[in-house]
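This report looks at selected elements of the structure shown here. It goes from a strand to a helix, then to the core and the chain contacts.

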Amino acid sequence: MSSRETAMDLAVRRPGRSPSAGRRSLVFALGCVGVLALGVVLTRTVENPYIFFAGYVVIQYVAVATGWNVLGGYAGYINFGPTAFYGVGVYTAAFLVKAMGAPLPVSIAAAGAAGALLGLAMGWMTLRVQGVYFAIATIALVVMAETVVHNIDYLGGASGLALMPPQAPAWAGGQPQFMLMVMLAIAVAFVAAARWIEISAMGRALRALKASEVAAECAGVPTFRLKLIACAISGAMLAIAGAPYVYYASFIEPGTAFSLALSLNAIAMPLIGGKRSWVGPVLGALLLATVQQAASVTISSELNILVVGVVLIAFVAVAPDGIVGIVEKLTGRRGA
Amino acid sequence: MAATRREFGTLVAAAGAAVAMPAVWRSAHGQGAPIRIGTTISKTGALSATKSTLTGLELWRDDVNKAGGLLGRPVELVTYDDQSAVAQIPSLFSKLVDIDKVDVLVSPYGAGLSAPLMPFIKQRDLFTIGMFALAGNDATRHDKFFHSAPWGPDSKINWARGFFDVAKQNGCSRIAVLSADVEFAKTAAGGAEQIAAEYGMTVVYKQSYPPATNDFSSILRNIKAQTPDAVFVCSYPPDSTALVRGLSEVGIGDSVKLFGGAMVGTQYASLLTSLGPALNGIVSFALYAPEPTMANTEMTAFLSRYEKVAAEQGLDPLGFYIPPFAYVAGQLIAAAVTGAGSLDKAAMAKVLHETEVKTIAGPARFNAIGDWTERRVLMVQFRDIKGKDVEQFRQPGRQVILDPPSLRSGELVAPLAKARSS
Amino acid sequence: MSEPILAVTGVEQRFGPFRALGPVDLVLHRGERLGIIGPNGSGKTTLINCISGTLRPQQGRVVFDGVDVTDAPPHRRARMGLSRSFQIPKPFTGMTVLENLLVPIDQICPSGDAEDRAFAVLESVGLLRRADHEAAGLSQLELRKLELARALVVQPKVLVADEAMAGLSEGEIDDVLAILTHLSATGIAVIMIEHIMHAVMRFSTRIVCLETGRVIADAAPEAVAADPLVQKVYFGEQTRH
Amino acid sequence: MILELLANAVSTGVLLGCIYAALALGLAVSFGLLHIPNIAHPVFVVTGAFAATVFNAMGWDPLLVSLPLALVFYGAGIAFFEFYSRIYEKRGEADTMQALTLFFGVSLVIETVLVMKFGADQRSTDVDYVGQSLVLGPVVMPYRLLIPALVAPVMVTALWLYLKFTYAGIAIRAVAHDERALSVSGINPGWIKRHAFGLAAATAAISGAALVIVGPIDPFAGRMQIGRAFAVVILAGMGSIPGTLAAGILIGVTEALVGAFGSPSWAPAVAFTMLLATLAFKPSGLFGASR
């Protein structure tokens, strides 16, 4: 029986669920409310609509990166086809708009359900074997989803579909403003959900299975079921992020809904920001998307992709925990 | 970590401010300040072969500015790369209009990229020239939108009607329709079926195939089995190549008199020179062909200037398809601005609705939604192609115009098998 | 004695044409301290993989606490009270030592005082000082202790310790033995797979010796040590190396 | 007529399937034997295709020139593996995902460099036999497919013999089975893996040349092939070299039949469906040893 630590140590050095955890959650919640309030203020005061269009793109990336990270970051299962899920969201919404002029909340709910179902189906088929197979299957999933859309004439097939979605409610002050608020609300909800997963038992179990699947299983973690759940949540989030696109652009086509640039960014952003916590994808998305919005008007986009590729390699090789990891290393801090 | 989060909050605010910043910029406007024309060019991505649009616009700008500008003000182009991505369009055009404060818009290339732009220009009531946006304004019906390309009215169905006119004249009644699963091709195929029905022709085969299909042997055999008289093909460059090669490899049978119609790629030198003699007999669309019925000194002069730039920048060496109509877009803007005597959008639109504009591609008149009142899409048959030299495509007699009748420079050589062996 | 806590009957495991294990019969009684020995490749780890569920045997049954768990996945067995540690420590990297212990508690016996229980176990294995350290940064001995702590924090009915002492110094071995002995005293049955003979001999009340996938001896430590067959295949081989 | 269609669909499918197998062969080595998920392999192939077009423009036959190019690719593969292993091999199994991301980044970089060097346009080769066909009764086989298709059985047989009968080949298979086994026998597993990865890269030069004879190619052509190449390797069973040929042909024939008798629009879904079905129902593949 070893008792090198005394009871005194125990009382003094006790970390963990201290009162500060509750305080942090409060700060976080206030932050969320603050961001939303900032969004309301901006849509009321800024007159130039460009910021809403550009802002939508940037914030959409926050949502997509956060959704991707639930599976890719927490569970360590890389989804190379986030646009398959995003595209399913886009087309679910498009279908509902075309069929019944569905309002946005209905489309969002339906897209979430469709994304979750697709996640479950994909996961059920590929998550029992090693993670590599899942990753490979997701590459092919995009081709499959695009092929299916090409063959559905009702959704415009390859030609795309121009739609007149329901207009924004009057209080929003215009469609661009409304879309920005919707996307902001979605992104904030995603970040909050991601943080909740992270600090809950589920997040702990996900991190455990990421470290060692067999050890997690032997510690009582139902790994297969947990991976399925994470895959469904991530799929639902990615699909939800796509749902408002129809209302934003009034035109959809497979090339956009399944665009490679979006997949690439969804993966690059958490990697650059840091995959271990919710801060990473948010940071990565804001950084990368803002730079790209600025860069798309200044440097050639080939160079843009090249830079993303090189940065990706550099981060994977040198800083696998992203910017958050670097900051933690520099400040000597670590933790969730 | 709490500190990091606080820093993070600051970052959010900073990022917000960064995006908001351009809002405070205001460019000076007034007499002597340049007239700004804004558009996006697909410099990269799937449509990057269309970037010669910029050269056409630049040549026009240089001409105008050399001649003293418009209304005494110089002309300036503001362009961004849209990466051939629809998703980029709303924010880039919002930037052009709200940040750069451009006076006139030119649409991005094609109907796909232009689609998200249409509700925007309608809502903001902007004067816009359409670049190759086939039937782009048919749904929105914006009254200040004008096509630079001579698709003609109701173009979704009619733009390739010439193919069927030629088919009818040559007694074709059994039609096969083949199309790629790509936006332009699907639209063309849809129109084809309607016209075939209208002309009392039977569609005996209809099939679409995925992009990047590189073997057409079973498709060609299935077509052959139906013994059609004409095969209307809506394909994209890679599959246009594969199809033409497939024709040489497995043949199409003796029944076929007319093959092609909407094969994208046969307008560009790279595909023409890589296929060479294999093109003989194929019929495809064009907007300009160096035939005696069509050539004019202004066009020839433009093309020879373009060739020099193209050689420097590695663009399509022929430049028959896009660059002239980018120049036409400029000419339409010039006519509207000078005619109106101001940048008043309603006045500019009125000028184009009411007067005929002389362009390097011939006289243009517009209907209420900005279509050329007269369709001037050519159906050309490739003939006498020998070897893979690019120069021959600048000679008359290689792309014989079959339709429209006003520009016809020869008759169809049929059946296809004979045209190919000659 | 009462009904055995664990009964393995006729378990057989093949990899392709190669039979790694079995058929093997094994019984473990409540509170017992069982040592499993055998040369490299004799099927020890395969056997405990079959017991913990990470491998599903082609033949035979595994009955745990009166329930047939042959087809149950490992997490179900863990939730029933069957814990194991790994020969090569598999810490949950990217998490603190404390969090490593919270994972099984969350899954198997969640409660409001989870952290108190984790701290108590960390103290009992001497890892309290490391509670909020990143698991990846631990020393070899600490990793082994963490491995054990994670297995026993949920108060299992059976603990399977797979070479928990490999690579440790004599003093460290004594530490680990003390932990296991203490555990056994609280009524937990322990299976110890070990190469370090004197430790197994000291700890076990019964020893099973495996050779090429078969049980060749199952008796009290002294009897097994004296068994000529065991001496030949096991100690013989040991000395050859 | 139906029979003729069927015969031609099957023959075309076999030819295309051989080409798929050629594309996937390098992956069968790097992923199947070395367990390195090299999703950049199709981009290596496209690079090989571009290299072939460059020399073709000077008048060389693409397939002939691909043989010396294969040596260059072998060297590049070894250098690349060195870079890869410096980063990863030491970190252990959990980093397969990081490795995937690395290869993803690498393929982006290669694609973009190709675009910047050659433009996004299609490139093709100029060879005499394109446009002609071998006619065997009712079956017509274009040389454009036939000649590149012959590359696959040749490469597969050569590689299979190499792995079966040479010292280095046996060592590669031993590494695939158990790395530790090799270090006991005194061979440096690091060298063997480098060598194997180099071989995988070398196949990309040859199959790239084959691919560009089939049809024009652009820098992004690899993307279409990633799913299919992995489908071939997984359907074959990890590391089964002859299985690669069989799996490629199976996928090719199925695609051709779907195209001829169903709708060509659904052909891209064939490989994916087979991939998913294999993963869900028989993860060991058709010819792989069960693990």
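## Strand 6 of chain C

Strand 6 of chain C, residues 82–85, is covered on both faces. Leu82(C) and Arg84(C) are buried on one side. Ser83(C) and Ser85(C) are buried on the other. The model is a predicted one.

Strand 6 of chain C pairs with strand 7 of chain C. The sense is parallel, and the pairing runs over four bridges.

## Helix 6 of chain C

Helix 6 of chain C holds 16 residues, 170–185. At 1.5 Å a residue it should span 22 Å, and its end C-alpha atoms are 22 Å apart, so expectation and model agree. Its buried residues are Ile173(C), Asp175(C), Val176(C), Ile179(C), Leu180(C) and Leu183(C). Seen down the helix axis, these buried residues fall within an arc of 160°, so they line one face of helix 6 of chain C. The general rule is that an α-helix has 3.6 residues a turn, so residues three or four places apart point the same way.

What covers this buried set? Among the covering elements of chain C are helix 4 (114–125), helix 5 (140–152) and helix 7 (197–203). Strand 7 (158–162) and strand 8 (189–193) of chain C are also included. The face turned away from the buried side carries the exposed residues Glu170(C), Gly171(C) and Ala185(C). After helix 6 of chain C comes Gly187(C), with a positive phi near 105°.

## The largest nonpolar core

The largest nonpolar core has 452 residues. Those touching the most other members are Ala140(A), Leu122(C), Ile19(D), Ala21(D), Ala231(D), Val232(D) and Leu275(D). Helix 3 of chain A, residues 50–75, gives the most to this core, with 18 residues. Domain 1 (32–153 + 317–364) and domain 2 (156–293 + 377–421) of chain B both contribute residues, so the core lies between them.

Take Ile19(D). Leaving aside neighbours within four places in sequence, Ile19(D) is in contact with Pro148(D), Ala149(D), Ala152(D), Ala210(D), Leu211(D) and Val214(D).

## Contacts between chains

Chains B and C have no contact; their closest C-alpha atoms lie 15 Å apart.

Between chains A and D, 32 residues of chain A are in contact with 33 residues of chain D. On the chain A side, helix 5 (104–126), helix 6 (131–150), helix 13 (260–273) and helix 15 (301–318) each supply at least two residues. Helix 6 of chain A gives the largest share, 12 residues.

Notes. Residues numbered from 1 in each chain as written. Chains lettered and ligands numbered in written order. Predicted model: local features only at pLDDT ≥ 70, side-chain atom pairs only at ≥ 80, totals over all residues. Expected span 1.5 Å × (residues − 1). Buried ≥ 20, exposed ≤ 12 C-beta atoms within 10 Å, placed from the backbone. Arc of directions from axis to C-beta. Contact = placed C-beta atoms within 7 Å. Core = buried A, V, L, I, M, F, W, Y, C linked by C-beta atoms within 7 Å. Domains from an automatic or database assignment. Pairing = 2+ DSSP bridges.
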